[in-house]
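Colleague: I've got a new model open and I'm a bit lost. Could you walk me through it?

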Amino acid sequence: MSAHAHDSSEPHVLPLKIYFQVYGALLVLTGATVGVSLLDLGPNAIYIAMLVAVIKAGFVVGYFMHLRYDTRFLSLVFFGSLIFLVIFFAFTFIDLTSRDRIDQNQANFTLRKHQDIQEESTGSVTVGIKRFRSGANPPVLPKAPEVKKAPKPAAGTAAGTGAAAGTGAAAGTGAAAGTGAAAGTGTAAGTGADPGTGTGAGTSEPAGGGTAAGTGSVAGSASAAPGSGSAAPAAKAKAPAKKAPAKKAPAKKAH
Amino acid sequence: MSAAHGDHPKFLQHHFHSAEQQASASKLGMWLFLAQEVLFFGGIFVAYGVLRFLYPETFLAAHAYLDVKMGAINTVILITSSLTMALGVRAAQTNNQKQTVLMLALTILFACGFLVVKYFEYSHKIHVGLVTARSFSATGIAGSPHIFFSLYFAMTGLHGLHVLVGIIVLAWILMRARRGDFSSAYFTPVENAGLYWHLVDLIWIFLFPLLYLVK
Amino acid sequence: MATVTTANGHASEHHEVGSNYLNARKGVLSWLFTLDHKRIGVMYLAGTLFFFMIGGILALLVRTELLTPAGDLFQGDTYNRVFTLHGAIMVFIFIIPSVPAALGNFVLPLMLGTKDVAFPRINLLSFWIWMLGTAFLLYSIIAGSVDTGWTFYTPYSSDPQVGSQAGSAIIWALMGVFILGFSSILTGVNFITTVHKMRAPGMTWTKMPLFIWGIYATAVIQVLATPVLAITLLLLTIERTLGIGIFDPALGGDPVLFQHFFWFYSHPAVYIMILPGMAIISELVTVHSKKNIFGYKPIAYSSMAIAIISFLVWGHHMFTSGQSELASTVFSALTFAVAVPTAIKVFSWVATLYKGSISLNTPMLYCLSFLFLFTIGGLTGLFCSTLATDIHIHDTYFVVAHFHYVMMGGTVIAFLGGLHHWWPKMTGRWYNENWGRFAAALVFIGFNVTFFSQFVLGSQGMPRRYHTYHSASPDLKAIFTKWHQVSTVGSYILAAGLFITLFYLLHSLFRGKKVAEKNPWGAKSLEWLTETPPIEHNFHEEPVCLHGPYDYDEISPDGQGAGADEDDDSPLYLDKKTEAKKAEEPKAEEKKAEEKKAEEPKAEEKKAEEKKAEEKKAEEPKAEAKKAEAKKAEETKAEEKKAEAKAEAKSDDEADKDKK
């Protein structure tokens, strides 16, 4: 901690030579990055381009911005902000890159489950409540993550009967079921609000459903805003079948 | 410890003890501001990453419609302006008022040059309909090219806005430099404006390959 | 100490006896264009409290609507607008600036022993920006009012075809929040710089009051997270006007991406709200129990740890959004990590109370309320962060109850406690203590009745943001109706408590007993060394910090802490190292008495003291540095920052020394 440049009142002046050397390096690197882009490097190109950009950025930050010669705390501030940016990037991509993988496993599972439940469910509201209250589990599911899938189809079917929200809520699935109901009353299949899948399909639907139905029923008054959040699982329960095509749809359409 | 003794230098605000404290506080404040700029632009870079991940073919096809030559020229212009800015700060540090003014003026000139090139690029894109999604009218590019061009306009637009702000800030600093406000004892405003300007350059260093070059 | 004496001469020239920051300058313009952090703080306080009232009234409307199962007070659309406005006002206009910008602005520089924040003009700018942002947000009501909820989720918010009345309103609201964000960032930049560069001589990082640690951690989040909100809202605005296809799925965008963007800010923002609340509690709990804080460093570092962890957990708002299960699992696991530093704080506060001389005055009552309510809020947070449980309670009243326990039961209660704690110093007047206690009790009871019943509602499946529940099945309807009614009655009690508070505080401004002492609570931090109310430049002479902020004497049998006595000259050091310096302690009272004549001898005295302080400091960093290495990964950063800053402080002091 001994060497703090700002201790002295005289400004720390870099020799002119350094500035011109850095300038030269930046120009060369710019040329290099353009040159490399002309080669056909395939998917590696972006890494090389980014590497060059990072080196260039390092020169600008270190010399033009004097960070190399300033107190280390300023470096901490700057690189700290980069660390948080990396966190932002990393977690978003954890989600993005793993959405399909698990969804596809579940697609098969959910479909099968959907049939099972339809068979055993009478579609009546009170059944749901009693089952929940008496402690007997709703359809027993083998794995934890899938639990949320179970009530959804139930709610979906119940929605058809018109007693939507009651079911959802009673089944203890809260919002998921509630919005599931909204989706049910809304425009059934069109509610592809599951954003993962819904890249193309019927996006205005959930919102439209929400507001249109907003005349007074429990389901209806749900603002459509949460809809995009909570309608998702409901949609997910239905969506898997058409998930795969829906995902690629916009891209293909344009082809 | 030259500055803060006995007489109270004009530039020293009353709540600071010394010129050093004031200078280091301003600099820290500026870097904190830059940190938030990093995250501000970082957000849109994340958006770029996500959409590129979702539409890789589109990005490949669409980026070819950007003019690499103009992008490269602008890169050189910005790097040069960064150099003149750094030299301007150095001139202020060494009490060379004339050179400070000259370098600041050059920096502003390059900044304007950057915007002029950008203007030609934009007007060409708009002319052929390569614009944001709702008014996108160009045809013949595979995928969903409107996304790429929307991002292009959002990213370079925000960056351009920063250049514009930079010009205003630098003009103000230039005015003060001509008035003789700065010396080796007090050049923080020049330095901070410089930091801001370098950050603008820094962002372009990443924008250029991501938008123009990436294959 | 050339600088100090210069400063003294400088300061005392302007001030006559009886002059304070409130009456030193007159006229509305002298307020609106003031650079004085205290006045800016007071303006923020008035502004935020006003909007707290507006937001509260909106909440009462919401509760009243839910009194009956049918939608008899509002149409669904109106209801959506009312709760959106309630949320947006409370979050963006009230809570976020309430503690840091209002109380923090007033107290922080005083606590640091400095004349002002580092950038007074930027401070004023941030207040003006706050007003501008507020104006935008309010204009959105005229422009049709927003009904998206305060979260502005896409695709509802991005699709210009939907909610046609909300067409331009949402743009206004988005821009309003965007602008408010800048205000928050500028406050954060200002406070971080102030804490690093403006501390009084002798105030090392571990001698700073914990309030400052909390505000510092908050400022870090404000600077690092708020810009992401800015870019998010900007992109959403462009999405809605021009269509860019980032968030709008109709154009190929990804609406879940919006939630990532939004919560990358808004989850840390939750800690922007609660950390200052915790910061206040650290003050209240020591001052009003006359006891040194238990676990100073753990509390300080846990603030930093919370700040950093807050960036790693945003996905727990998105368990049901279509986010991948892997991401949900990761976020769920990380979320539990928040419990660790939070629990460290709560345990430390409780341990501080142990065998303290607790005076059950209004601030302490709020402090105790906080401990109780925040613990409930925190523990129910574990329900919500557990992936499987959250699927069931997501978007139900359980979540509503949870975050109100944290935001209202945590931050707002702490804010009220802090307000009462610093009210005498800010205004120079006493509020009515009996009314204060009564109101605090009402608030506590009303709050619990209002929100605990919502836990029941949520666990029974009552979804949030529904304005009716008449179509629920009969037995559910009965349950919902009962608990909604309980909740609504509770909200009236709560409102009564808050309005009583408003009235007696306003009353005290004009009729309240004048505060005679500088230090009515017998507190040890620097803000109590100055006049009441403080003079325009805070201190007659720059204070020198020689002891920790909570170095209370051991409790005497009659339960009185030593600090309560104005003229008490007894040593306050518990620290062995400083024992030797007892005799030299600079008493603020002495200083005042001596005035200008004593300047020279005192400068000598101070010089000696400073040297000692420096010597002591020279020892500390080494020990600190060693400790830092041993710390866990998440604390490393806080440590580093600390060590860095300490070194800086040292070098600053050395600079001072040079001048001599």
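Colleague: Among contacts in chain C between residues at least 6 apart in sequence, what percentage join residues at least 24 apart?

Modeller: Start with what chain C is built from: 19 helices and 0 strands. Now take its contacts between residues at least 6 apart in sequence, and ask how many of them link residues at least 24 apart. That share is 83%.

Colleague: How much of chain C counts as buried?

Modeller: A residue is buried if 20 or more other C-beta atoms lie within 10 Å of its own. Chain C has 660 residues, and the part of them that counts as buried is 61%.

Colleague: Are α11(C) and α14(C) roughly parallel or roughly antiparallel?

Modeller: Helix α11 (residues 362-385) and helix α14 (residues 433-459) of chain C have axes 9 Å apart and pack at an angle of about 10°. Angles under 35 degrees fall in one class, so these two helices are roughly parallel.

Colleague: And which class has 7 residues in the contact of α11(C) with α14(C)?

Modeller: On the α11(C) side you'll find residues including C:L365, C:Y366 and C:L373, and on the α14(C) side C:F444, C:F447 and C:F455 are among them. Sorted by class, 4 are polar and 2 are charged, while 7 are nonpolar.

Colleague: Over to chains A and B: which helix supplies the largest share of the side of chain B that touches chain A?

Modeller: The contact takes 39 residues from chain A and 46 from chain B. On the chain B side, α1 (19-54), α3 (68-93) and α6 (188-213) each supply at least two residues. The largest share, 14 residues, is from α1(B).

Colleague: Last one: where in chain C does pLDDT stay under 50?

Modeller: Chain C averages a pLDDT of 84, with 80% of the residues scoring at least 70. Where pLDDT is low, the predicted coordinates should not be read in detail. Stretches of chain C that stay under 50 include residues 1-15 and residues 557-603.

Methods: Residues are numbered from 1 along each chain as its sequence is written. Chains are lettered from A and ligands numbered from 1 in the order in which they are written. This is a predicted model: local features need pLDDT of at least 70, side-chain atom pairs count only at pLDDT 80 or more; totals for chains, interfaces and linings use all residues. Two residues are in contact if their C-beta atoms, placed from the backbone, lie within 7 Å. Helices (H or I, at least four residues) and strands (E, at least two) are DSSP runs, numbered from the N terminus. Axes are lines fitted to C-alpha atoms, for helices over the stretch in contact, and angles run from 0 to 180 degrees between N-to-C directions. Angles under 35 degrees count as roughly parallel, over 145 as roughly antiparallel, 65 to 115 as roughly perpendicular and the rest as oblique. Ala, Val, Leu, Ile, Met, Phe, Trp, Tyr, Cys and Pro count as nonpolar, Asp, Glu, Lys and Arg as charged, and the others, Gly among them, as polar. A residue is buried if 20 or more other C-beta atoms lie within 10 Å of its own, exposed if 12 or fewer, and partly exposed in between; C-beta atoms are placed from the backbone. pLDDT is the predictor's confidence in each residue, from 0 to 100.
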